Amino acid sequence: MKVVTLRWHKDRLEMIDQRVLPKTFQYIAYDSAASVAEGIRDMVVRGAPAIGCAAAYGVALEALRLRESSREDFNAKLEEGFHALAESRPTAVNLFWALERMRKHWQGLALAQNNPSDIVGGLLQEAHEILAEDIRNNRAMGKLGAELLHDGDTVLTHCNAGALATAGHGTALGVIRSAIETGKHLSVIADETRPFLQGARLTAWEMVQEGIPITLICDNMAGHLMKDGKIDAVIVGADRVAANGDVANKIGTYMVAVLARRHGIPFYVAAPLSTIDLKINSGTDIPIEERDATEVTGYGDVTWAPDGIRVRNPAFDVTPAELVSALITERGVITSPDPSRIAALLTG
Ligand code: MRU
């Protein structure tokens, strides 16, 4: 089954509800920027590129909703829509990248056309283009990254950087998929990825759908398997890459990167150029989302921690560039990323 994370259907955005996978497969329909912002915050949709696509459609939906408004109301309310979407989650830069792109497009359309209803079609077209581009980029990354993996490799991944985290194919899982398409035999080890279980629920589900061999482990088992020589490479996605190559990704990624270095295992990051944030010099400046304590004290209807316990729940961590063997982008692979190599790729 081809995973279609987001789709435009009858003037609505439909998104797979990632909170209830793999038990339940269902789409939820959205009709405004505010409702999409809520869907992003609640993790109906998650994963940096998918969040960016959802936000772009959120803007288009809001414009559609306001199409009969006066020019002044349209402008004021669309601004509110942008604001609600920007407030939904702080770490994945693709969200802000997509909003900026939609804003620029809106400004261009507004200069050329006076009527809000003419602007709507243009914004929707741009959202469609952002989605299509993401799939093309993932395919390009997959092709380039596949060369780094060898026939027979067992590859560890953390969180879900697959079709569900993007418009399709995936970043880290896209590389694995592309390598398999070239005829390489790979097997995947998925960290469960506490607390939201993106590995156990989403990566495991995606791989099982396609019959890609996968083994699920708890997050604290990776070191043991690496020491035993059971892991040949690590590949993860990213939520934001700083100008110096530091990588913010799902909490626990840093731990895996340190372990990989200790055991001489290559640690790869696959991320589109829209995930690189040149405005941020180093990882220490990347905003790290802190999520609700209930994600740590239990899951679903089950609570296992005592009432009132103090909790920390940072949703991301930063892996320093020095631990990254290579950054795989749609434009090329940067080995041992550093500020000058990243700048050269972006300007080249
Ligand atoms: O909290 P999430 O599930 O949105 O976090 C997702 C990740 O950390 C992914 O690894 C990252 O966004 C890359 S997705 C291609």
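Helices (H or I, at least four residues) and strands (E, at least two) are DSSP runs, numbered from the N terminus, and with that convention P22 is placed in the loop between β2 (12–16) and β3 (27–30). The structure is a predicted model, in which local features need pLDDT of at least 70 and side-chain atom pairs count only at pLDDT 80 or more, while totals for chains, interfaces and linings use all residues. Residues are numbered from 1 along each chain as its sequence is written, and side-chain values use heavy atoms, with hydrogens and water left out.

The peptide bond that joins L21 to P22 is cis, with omega about 5 degrees. In the loop between α1 (33–41) and α2 lies M43, a residue other than glycine whose phi is positive, near 70 degrees.

The domain assignment, whose bounds come from an automatic or database source, divides the protein chain into domain 1 (6–139) and domain 2 (142–347). Their centres, taken over C-alpha atoms, are separated by 25 Å, and the contact (heavy atoms within 4.5 Å) takes 32 residues from domain 1 and 37 residues from domain 2. Buried area, the accessible area (1.4 Å probe) that two parts lose on being put together, summed over both, is about 2,800 Å² between the domains, with carbon and sulfur atoms giving 53% of it. On the side of domain 1, the residues that lose the most area to domain 2 are T91, N138 and R139, which together account for 24% of what that side buries.

R139 also forms a salt bridge with E181, in which the closest N and O atoms are 3.0 Å apart; the term requires a side-chain nitrogen of Lys or Arg within 4 Å of a carboxyl oxygen of Asp or Glu. Across the interface of domain 1 and domain 2 this rule finds three salt bridges. Among the elements of domain 1, α2 (48–65), α4 (93–112) and α5 (116–146) each supply at least two residues of the side that touches domain 2, and α5 gives the most, with six residues.
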